[in-house]
Amino acid sequence: MPAGLLRVVTAGSVDDGKSTLVGRLLHDAKAVLADQMTAVQAASERRGYAGADLALLVDGLRAEREQGITIDVAYRYFATPRRTFILADTPGHVQYTRNTVTGASTADVAVILVDARSGVVEQTKRHLAVASLLRVSEIVLAVNKMDLVEFSEAVFDAIVTDFAAAAASLGVAHFTPIPVAALSGANIVTKSPQLDWYGGQALLEFLETVEPAVRADLPARFPVQVVLRPRTAEHPDYRGYAGRVEAGVLHRGDKVQVLPSGRVSVVAGIDTPTGELSEAPAGRSVTVRLEDDVDIARGDLIVVDGDPAPVVTRELQATVCWLTDRPLRAADRYQLRHTTRDVRAIVDAVESKLDIATVTPIPASELNLNDIGTVRIRLAEPIIVDPYALNRSTGAFLLVDETSGATVAAGLVR
Amino acid sequence: MTAVLPTQSDSLERGWLTDLEDEAIHIIREVVGQFERPVLLFSGGKDSIVMAHLAMKAFWPSRLPFALMHVDTGHNFAEVIEYRDRKVAEWGVKLIVASVQDAIDAGRITETPGQTRNPLQTIPLLDAITSNKFDAVLGGARRDEEKARAKERVFSVRDDFGQWDPRNQRPELWDLYNGRHRTGEHVRVFPLSNWTELDIWAYIEREGIEVPNIYYAHQREVVDRDGMLLAITEFTPPREGETVRTESVRYRTVGDATCTGAVASIAGSVADIITETAASTISERGATRADDRASEAAMEDRKRQGYF
């Protein structure tokens, strides 16, 4: 993604004021249009609220508005003169943690909210664990409702100390704590005089200027989505492989291997409808031609030679976030979805799970809804992986229930 | 809805559009990779025009591997139908028309006199999906349009009855889209989920895409109705007490003529439209869609029933 765009996920437990914070951010960044504000004011009046409840800007579903809670991820789009934002607002209830996982999976920055009166709670640690596991590169601890603790620096410091301890045991190198009061807007867009002891940036200023860490890159990885064979008068013999570059930079002339078959070839051309490219970086959707007529289908991975090479394997050591009510146990069978490949999978063993209270792994024989644990998985056919720590695309997979089609787990290759 | 244009440089804006394009093409290709019988909804509105453009780019130099489908309320803007038919011929693609009028004639749905036909599109849409055995339906809906749509997945499963269950959506992780579904179910796919109205216009400008001329400012006979500027057409004659006047207007959305309002505008080019859109203080649906005003959750209620 270019320097102009930032993907942000917000997480917090119930009543931490997350939707209010997002509403305040949108409102104060002038991303709320007049008719939307009028609708919020009218809806707030109908509910008998004192002022306009900014949470109603983001809680769009009937059930959310009736219960005053966030159930599902809401995506919001706004821009300041400095940057364009995609903001995923995720729910606080433990039962909806899977939606936090969803929001975090594509985020550059996670804003984790705590209520200054209650401090770091189990949900805070769960959200921190999810953000760190999914490699969200920047984590913000937003201590909200500072107005209800008399803007006390001591309260803020104690919460930061608690959060730092949990972060350390999860291996999170750094995070940015910011004291805020979303209801009044303190430290959201502009610094608040009531928080004059705080020397850092207001939340929006931080989001506008933060540069997410660039991770070490891999040689190019190109999963084939669709094989294009037009067989038209104009292109009688054309054979191209349509897909998106998922790591590194693919160049015309690169020596490549097609996995899992292992056949080698050379990139003859990188095509787009508006002309050929000499190179395509990660993120570009293109069509690749090879010099040799090799047998390639959807699900194959074209890789450029170099270190580190991906691993072709039928056995996975993985961390999974379990997203459904039925527990995960050894010998369970699922469909595993990885890049553009679907294979059948059997869980060989559940090894451990994360104890959220102590943020340490404990032995486990099953994973329940919202558990994060380590498992061993056996596959009917090989897949080609990199560790998730090296690449979010080739290191990530889903487990899918074969009967219902439901997505039951988010998996990370270790 | 973006209220400010990213202004650093042209290259930045273009970079952002390229990312959106790459994401949409990736999604459209996943549909062809994962489904047997996809179809693309095409109304001749700007979002569906961008969808068709992206789909053709996704499979170039192959032909479009699926048909287009228009759910036609019969209450159309003539300019849009002319555009639709001309483009379909030019592109050499197949167009399926699911007609609301046919469904009314067949007694499948009942029209309420004086009411818009917009919500009536659901039954013909679902009938066409069933009879053509479509398993994936590509649509141009954007999350920035409306608060219920902000909660929508890119791959969104619909049950046998075409219903959306917003409380029980599949988690959608990374960009691993899960299109697995049971027989009788289908999946709605929204490749433009992360685009804003401004992004659509910036992309139309960058790609030099032709849109129906009612998107540009033109003189039209209008009346004030329900707080909107409504054009006088054969389906929407003036009501008693309304004063017909001629004004320079354009359309921000193109839907059923009976519920789509115009906005006062002098924007004669895409660049003018981008400037107006960036400066607008009213959302696109707020300005021009009577159908969203029925209640706080009007869009969610229609979507649950199987609407776009």
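Colleague: How do α6(B) and α7(B) lie relative to each other?
Modeller: They are roughly antiparallel (an angle over 145 degrees). The axes of helix α6 (residues 197-207) of chain B and helix α7 (residues 270-279) of chain B cross at roughly 165° and come within 9 Å. Axes here are lines fitted to C-alpha atoms over the stretch in contact, with angles from 0 to 180 degrees between N-to-C directions. Helices are DSSP runs of H or I with at least four residues, strands are E runs of at least two, and both are numbered from the N terminus.

Colleague: Before we go on, what sort of model is it, and how is it numbered?
Modeller: It is a predicted model, where local features need pLDDT of at least 70 and side-chain atom pairs count only at pLDDT 80 or more, while totals for chains, interfaces and linings use all residues. Residues are numbered from 1 along each chain as its sequence is written, and chains are lettered from A and ligands numbered from 1 in the order in which they are written.

Colleague: Back to the pair. Which residues of α6(B) meet α7(B)?
Modeller: B:Glu197, B:Leu198, B:Trp201, B:Ala202, B:Ile204 and B:Glu205 do, and on the α7(B) side they meet B:Val270, B:Ala271, B:Ile273, B:Ile274, B:Thr277 and B:Ala278. Contact means C-beta atoms, placed from the backbone, within 7 Å.

Colleague: Is B:Thr277 buried or exposed?
Modeller: B:Thr277 has 21 C-beta neighbours inside 10 Å, so it counts as buried (20 or more is buried, 12 or fewer exposed, in between partly exposed). Leaving out residues up to four places away in sequence, B:Thr277 touches B:Glu197, B:Leu198 and B:Trp201.

Colleague: And what about α2(B), how is that set against α6(B)?
Modeller: The axes of helix α2 (residues 46-59) of chain B and α6(B) come within 10 Å and cross at roughly 50°. That makes α2(B) oblique to α6(B), the class left over after under 35 degrees for roughly parallel, over 145 for roughly antiparallel and 65 to 115 for roughly perpendicular. B:Lys46, B:Asp47, B:Val50 and B:His53 of α2(B) make the contact with B:Ile200, B:Tyr203, B:Ile204 and B:Glu207 of α6(B).

Colleague: Switching to chain A. What is its secondary structure?
Modeller: Chain A has seven helices and 24 strands.

Colleague: How far does the C-alpha trace of chain A span?
Modeller: About 70 × 50 × 40 Å along its principal axes.

Colleague: How much of chain A is buried?
Modeller: Of its 414 residues, 49% count as buried.

Definitions and conventions. Two residues are in contact if their C-beta atoms, placed from the backbone, lie within 7 Å.
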